[in-house]
Amino acid sequence: MDVFGYLPEKEELAHWLTTEDAEAVSGLFAAALAARKAYRGSKVYLRGLIELSNICVKDCLYCGLRSSNRDVQRYELEDEKVYSEAMFAWKEHYGSLVIQSGERTDARFVDRITRLVRKIKELSSGRLGITLSCGEQRPEVYREWFEAGAHRYLLRIESSDPDLYRKIHPDNPKHSFDRRLACLGYLRDAGYKVGTGVMIGLPFQTPMQLAGDLLFFKNIDVDMVGMGPYLEHDRTPLYAFRNRIPSPERRLDLSLRMVALLRLLMPEINIAATTAMQVLDPLGREKAIMAGANVIMPNMTDPENRESYQIYNNKPGLKDDAAITKSRIVENLAAAGISIGWDEWGDSQKVH
Ligand code: SAH
Ligand code: SF4
């Protein structure tokens, strides 16, 4: 069901992204907040984030973990470390966790994820929800991980415009838009709640393309969206175009407007307030919650590895551990009067 009451044209959405009418924009945020409360309730759900490994076979032009970046100390968390982080999520009542990693498709990696997912399910008597964000895989791999117990998968399309997608990725079969799109279909077929998303404020990106991203989410009927500002990383090719992106303030504002418009277009889905928003403004995530988002992913990675998982520069909380990260989020949410859905998966009840 649309709060809009009709499917807006791309032009109308692009207008909302660009209008300088401050009163209209606060009205947009207020409507999105009301829609979140009406359709998803007042609570925000937490998903503890495990950054499993920064080893990646891909070479995305924007990402600090790209395989050509030799300045990164590559790591893979030990099994025991993964289980202790998972148990942190369990004991701290997060309700679910996310395992994210650079992309790999070798059998050792595939088997390892299966083993980790099974064991985490076992350790939490089947109660911890598990989201995976481990890139593009074959349909049978997605099925294997689903059968092991993962039930949500996050794979951002990055940009739904194939031309822009091509500009921000190397031109080879490993970085194919069509394949990424096909993977979203495999995930749905395997039974997952499917999450996708885009980066906002990329070089060469237009408001019409962002409006197209919103309609893309609607069109493929996603269950979850995690989108956030594009952030520079000085060891990536896209850094050369840093003068061609919107200011940090504008990128955050655009991201908040994207969240609000999506909440109105798809009131029943989960929308993340992403860490990249926090980079541009210490209260960026809380602002996103007030503009319609309802999910936050507190980092649970140990400080020794946080440093090496820098997708973008200026990642916040590099010296914090899981407990400190948690207390900061809980404090900030409490100060903003936002309640947390402890021990809940908080899945959208959307029927496809
Ligand atoms: N390898 C997996 C998951 C890890 S990357 C994958 O690519 O799907 C997770 C997300 O980080 C990507 O989807 C991308 O949208 C985001 N990301 C990468 N580089 C970024 C940057 N410079 N600024 C903002 N987000 C970035
Ligand atoms: Fe690898 Fe994901 Fe970064 Fe691309 S965005 S280089 S796939 S970690």
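Trainee: Which residues surround ligand 2, and how do they divide by class?
Mentor: In this predicted model, the shell around ligand 2 consists of C56, K58, C60, Y62, C63, R66 and G102. Cys and Tyr count as nonpolar, Lys and Arg as charged, and Gly as polar. The shell therefore divides into four nonpolar, one polar and two charged residues.

Trainee: How many cavities of 30 Å³ or more does the structure hold, and how much space lies in the largest cavity?
Mentor: The count of cavities at that cut-off is one. The space in the largest cavity is about 70 Å³.

Trainee: Which strand supplies the largest share of the lining of the largest cavity?
Mentor: The lining includes R152, Y153, K193, V194 and G195. Two strands, β4 (152-154) and β5 (193-196), each supply at least two residues of this lining. By class, the lining has three nonpolar, four polar and five charged residues. The largest share, three residues, comes from β5.

Trainee: What does helix α3 reach from its first C-alpha to its last?
Mentor: Helix α3 spans residues 79-91, which makes 13 residues. At 1.5 Å a residue, 18 Å is expected, and the computed reach is close to this, at 18 Å.

Trainee: Against which elements do the buried residues of α3 pack?
Mentor: The buried residues of α3 are V82, Y83, E85, A86, M87, F88 and A89. Just after the helix, H93 takes a positive phi of about 65°. The packing partners of those buried residues are β1 (43-53), β2 (96-101), α4 (107-123) and α13 (322-335).

Key
Residues are numbered from 1 along each chain as its sequence is written. Chains are lettered from A and ligands numbered from 1 in the order in which they are written. This is a predicted model: local features need pLDDT of at least 70, side-chain atom pairs count only at pLDDT 80 or more; totals for chains, interfaces and linings use all residues. Side-chain values use heavy atoms; hydrogens and water are left out. On a 1 Å grid over the protein atoms alone, a cavity is a set of points where a 1.4 Å probe fits but cannot get out, and a pocket is an open set with protein on both sides within 12 Å along at least five of seven lines; lining residues have an atom within 4 Å of a point. Grid points are joined across faces, edges and corners, and a volume is the space filled by probe spheres set on the points. Helices (H or I, at least four residues) and strands (E, at least two) are DSSP runs, numbered from the N terminus. A residue is near a molecule or strand if one of its heavy atoms lies within 4 Å of it. The expected span of a helix is 1.5 Å times one less than its number of residues. Buried means under 20% relative accessible area, exposed over 50%, partly exposed in between (1.4 Å probe, protein chains only). Contact means heavy atoms within 4.5 Å.
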